[in-house]
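Look at the sequence and the structure below.

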Amino acid sequence: MPSASLRLAVVGAGAAGLAAARELRREGHAPVVFERAAAVGGTWLYTPPATAADPLGAAATHSSLYASLRTNLPREVMGFLDFPFVASAATGSADPRRFPGHEEVLRYLEAFARRFDLLPLVRFETEVLRVRREPGVGWAVASRKLGEKGSGEEEVYDAVVVCNGHYTEPRVATIPGVHTWPGKQMHSHNYREPEPFLDQVVIIIGASASAVDISRDVASVAKEVHIADRSAPASTNQKQPGYDNLWLHSMIDRAQDDGSVVFRDGSLIKADVIMHCTGYLYDFPFLGDDSTINVDDNRVDPLYKHVFPPEVAPQLSFIGLPWKVIPFPLFELQSKWVAGVLSGRIELPSKEEMMEDVKAFYLNLEALGWPKRYTHNFSNYQFEYDDWLAEQCGYPPIEEWRKLMYAATTKNKAARPESYRDEWDDDHLAIEANEDFKKYLKSVS
């Protein structure tokens with residue numbers, strides 16, 4: 001029989017935290033959500049430009065959004081499984097595009113929070129300072145209102161669900177000689193608008209979605225933009241189609257104290273700015289050694305199915321660590337699983353069996369030549385994972401149209417990197433999705 005209602009601490013009120021709060025309460029538990037910001041949304045909560053004390057660090061801003069950001073997935077695939085992300089008054093829509101701007105995603109998350117009455121569960125402007133295991137009792141969570149001093153208020157919870165995201169602690173590339181290079185460095189975490197780069201020469205390190213978007217954004221005002229891609233062949237030095245001031249290079253070899261930067265092909269330019277679009281590090285500053293996990297080369301270890309540390313499962317769990325995924329449905333399914341496990345409705349394997357599963361997963365990654373830092377990269381098996389979670393929860397597998405639309409978007413993005421958000425060939429899938437949504441939209445409106 002399922003256990004009695006548990007009092008649970010949820011860290012973060014972004015998409016993962018909201019999904020967790022809903023599913024935990026649906027299961028009969030009593031979640032309390034801690035959120036540093038003054039509103040829900042997490043990484044989708046835009047913060048305006050600010051002067052960063054440390055432009056390479058995380059302290060200056062909460063969100064990683066830039067002003068021009070649009071989703072790189074169509075809205076049909078993005079939404080929670082039973083709360084469609086459609087352009088309608090019910091979700092506060094003001095941007096009907098299939099690939100809307102970040103403001104529209106925030107409106108959707110706010111509508112989700114209102115629809116399921118999640119806002120009363122959230123303690124806003126409250127940071128979690130420490131999470132400490134109390135054997136035989138639960139987990140002591142120390143929190144404090146922003147601006148206050150002291151050690152904070154400590155409360156005991158039956159379990160803790162960590163949903164603090166992974167877009168706040170910047171990862172920075174190592175560049176020989178950069179400490180004597182006289183130009184400015186920054187991380188994309190602190191990028192908002194292109195205007196500050198007017199007539200400058202900017203080097204952007206990275207090949208991910210943010211690097212692609214920001215390089216085009218900056219190229220609209222900069223003198224030159226040079227993209228350094230560590231996966232490109234050493235000889236790469238190519239002007240990009242459709243641009244007079246945008247080049248793709250191999251990775252930077254070194255920076256020099258005369259202001260020049262040398263690429264691996266031997267080419268050299270004098271640059272004003274190096275912007276690191278190099279991703280983020282998993283960071284859980286509130287967790288101590290008793291959490292039984294550590295982060296090594298961006299692997300959160302050990303975690304059974306990327307969620308439960310075997311030693312303390314199910315009293316500690318993590319929602320939303322995987323990347324290269326459709327995030328919201330994955331958050332929802334992970335949350336359903338965690339909620340069911342905590343209530344006793346779903347059974348986990350033994351601690352030993354979970355550890356064996358983790359070890360087997362690592363061995364498989366090694367056999368594939370997958371680097372450790374890609375442990376939570378799900379580009380090759382996200383739907384297999386989603387469907388496994390759904391099966392655990394007694395929930396239907398991910399819709400076929402969603403899988404096909406994701407594949408079509410990936411293909412279209414490669415074929416039309418500049419225009420895939422406005423030109424596509426999968427209208428038939430969008431029609432199928434919207435037909436499928438009809439069974440949910442009555443309850444949304």
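Aspartate 199 is exposed, with a relative accessible area of 57%. The model is a predicted one. Aspartate 199 sits in the loop between strand S9 (184-187) and S10. Its phi is positive, about 60°, although aspartate 199 is not a glycine.

Another aspartate also has a positive phi without being a glycine: for aspartate 117 the angle is about 55°. Aspartate 117 belongs to the loop between H3 and S3. With a relative accessible area of 46%, aspartate 117 is partly exposed.

Strand S10 (residues 201-205) is joined to S11 by five bridges, and the two run parallel. In this pairing isoleucine 205 stands opposite alanine 228 of S11. Is strand S11 mostly covered or uncovered? Strand S11 (residues 224-228) is mostly covered, since four of its five residues are buried.

Helix H4 (residues 209-219) contains arginine 216. Leaving out residues up to four places away in sequence, arginine 216 touches Ile227, Gln240, Tyr243, Leu246 and Glu418. For one of these, tyrosine 243, the separation along the chain is 27 residues, while the C-alpha atoms of arginine 216 and tyrosine 243 are 9.0 Å apart.

Next come the sheets. Strands of a sheet pair through backbone hydrogen bonds, either parallel or antiparallel. An open sheet with antiparallel pairing is made of three strands in the order S14-S15-S16. Strand S14 (252-255) and strand S16 (268-270) are its edge strands, each pairing on one side only. From one strand to the next the twist averages 25°. Between strand S15 (residues 260-263) and S16 there are three bridges, and these strands run antiparallel. Serine 260 has lysine 270 in S16 as its bridge partner.

A parallel example is the open sheet of five strands in the order S3-S2-S1-S7-S21. Strand S3 (122-123) and strand S21 (316-318) stand at its edges, and each has a single partner strand, so one side of each is left without a neighbour in the sheet. Which strand pairs with S21 over three bridges? Strand S7 (residues 159-162) does, in the parallel sense. Within this pairing, valine 162 has phenylalanine 318 in S21 as its bridge partner.

The peptide bond from aspartate 301 to proline 302 is cis, with omega near -10°. Proline 314 is found in the loop between S20 and S21 as well. A cis peptide bond joins alanine 313 to proline 314, with omega about 0°.

Two helix residues show what burial looks like. Valine 338 lies in helix H5 (residues 327-343). Its relative accessible area is 1%, so valine 338 is buried. Apart from neighbours within four places in sequence, valine 338 is in contact with Val161, Val307, Phe308, Ser317 and Ile319. Valine 338 and serine 317 are 21 residues apart in sequence, and their C-alpha atoms are 7.4 Å apart in space.

Histidine 102 is in helix H3 (residues 102-115). Histidine 102 is buried because its relative accessible area is 3%, and buried means under 20%. Not counting residues up to four places away in sequence, histidine 102 touches Trp44, Tyr46, Leu65, Tyr66, Ala67 and Leu69.

The last stop is a pocket. The second largest pocket has a volume of about 370 Å³. Its lining consists of 19 residues, and Lys305, His306, Phe361, Tyr381 and Tyr385 lie nearest its centre. Which helices each supply at least two residues of this lining? They are helix H6 (351-367) and helix H7 (382-393). H6 gives the most, with six residues. By class, the lining of the second largest pocket has eleven nonpolar, five polar and three charged residues.

Conventions
Residues numbered from 1 in each chain as written. Predicted model: local features only at pLDDT ≥ 70, side-chain atom pairs only at ≥ 80, totals over all residues. Heavy atoms only, no water. 1 Å grid on protein atoms, 1.4 Å probe; cavity = no way out; pocket = protein on both sides within 12 Å on 5 of 7 lines; lining within 4 Å. Points joined across faces, edges and corners; volume = space filled by probe spheres on them. Nonpolar A, V, L, I, M, F, W, Y, C, P; charged D, E, K, R; others polar. Pairing = 2+ DSSP bridges. Axes fitted to C-alpha atoms, helices over the stretch in contact; angles between N-to-C directions. Buried < 20%, exposed > 50% of the residue type's maximum accessible area, 1.4 Å probe, protein only. Contact = heavy atoms within 4.5 Å.
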